[in-house]
Amino acid sequence: MKFFIDTANLDQIRQANELGILDGVTTNPSLMAKEGIKGVAAIRQHYKDICNIVDGDVSAEVLSCDFESMIKEGEELAALDEKIVVKVPCTKDGIRAVKYFTDNGIRTNCTLIFSVGQALLAAKAGATYVSPFVGRLDDISSDGVALVAQIVDVFRTYGYETQVLAASIRSTQHIIQCLEVGADVATCPLNPILGLLNHPLTDRGLETFMKDAAKMNQ
Ligand code: G3P
């Protein structure tokens with residue numbers, strides 16, 4: 001399973017990248033706004049900065065909702081760097097845009113996926129990735145991981161090459177559950193990624209090893 005970090009924060013992207021396990025980055029308008037990025041020039045520069053840090057796919061989301069504007073924006077984003085994957089919402093115009101980008105050699109991440117039907121349309125349009133939102137489904141007493149599992153099953157049954165990118169991941173448990181149901185990618189904030197390291201037996205074992213190492217160094 002590939003690991004993407006879900007943030008527009010350059011420091012956190014660097015930290016995850018330094019671990020040597022990072023396969024890419026996803027952003028969205030909320031994450032970009034959180035970093036205080038304003039205006040076209042600043043947005044483009046920020047995506048270039050992200051691409052300069054990470055060796056992998058970088059999802060950059062369009063800010064418009066109508067087909068023509070999404071195409072214009074997506075083409076401009078894709079021209080910034082070959083790592084850019086254009087992120088498009090799963091709407092009628094969004095699916096048309098995914099198909100247009102696919103036909104023109106631009107990779108896409110179809111986002112805001114909350115049902116198998118939406119994922120199916122995105123796959124048929126040729127999306128590189130679909131992003132089911134796990135945490136947001138859990139937030140409304142639905143089962144986000146079950147949706148990931150359903151989409152993985154359908155794509156494998158019918159041979160779609162679209163990768164299932166589990167998004168809106170909130171915990172290490174979400175990451176493990178998505179791994180178990182066969183998600184191709186999990187995109188997560190830094191904390192759940194670092195949380196995978198935590199185990200009290202590792203801490204206790206290391207403490208003992210370090211005490212014994214000190215004895216040998218005397
Ligand atoms: O990639 C989508 C993701 O950022 C949404 O996460 O936590 O806002 O539901 P969240």
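Mentor: Buried means under 20% relative accessible area, exposed over 50% and partly exposed in between, with a 1.4 Å probe and protein chains only. This is a predicted model, in which local features need pLDDT of at least 70, side-chain atom pairs count only at pLDDT 80 or more, and totals for chains, interfaces and linings use all residues. Residues are numbered from 1 along each chain as its sequence is written, and side-chain values use heavy atoms, leaving out hydrogens and water.

Trainee: OK, so where does Leu 196 sit?

Mentor: Leu 196 lies in the loop between helix H10 (190–195) and helix H11 (200–216), where helices are DSSP runs (H or I) of at least four residues and strands (E) of at least two, numbered from the N terminus. Leu 196 counts as partly exposed because its relative accessibility is 35%.

Trainee: Switching to rings, how many aromatic pairs are there?

Mentor: The structure holds 5, counting rings of Phe, Tyr and Trp (its six-membered ring) with centres within 6.5 Å, and calling planes under 30 degrees apart stacked, over 60 edge-to-face and the rest tilted. Tyr 100 and Phe 101 are edge-to-face because their planes meet at 75°, with the centres 5.9 Å apart.

Trainee: Is Phe 101 buried or exposed?

Mentor: Phe 101 is buried at 0% relative accessibility, whereas Tyr 100 is partly exposed at 27%. Phe 114 and Phe 133 are also edge-to-face, at 5.5 Å between centres and 65° between planes.

Trainee: Which parts of the chain does that pair link?

Mentor: Distant ones, 19 residues apart: Phe 114 is in the loop between strand S5 (108–113) and helix H6 (116–124), and Phe 133 in the loop between strand S6 (129–132) and helix H7 (134–139).
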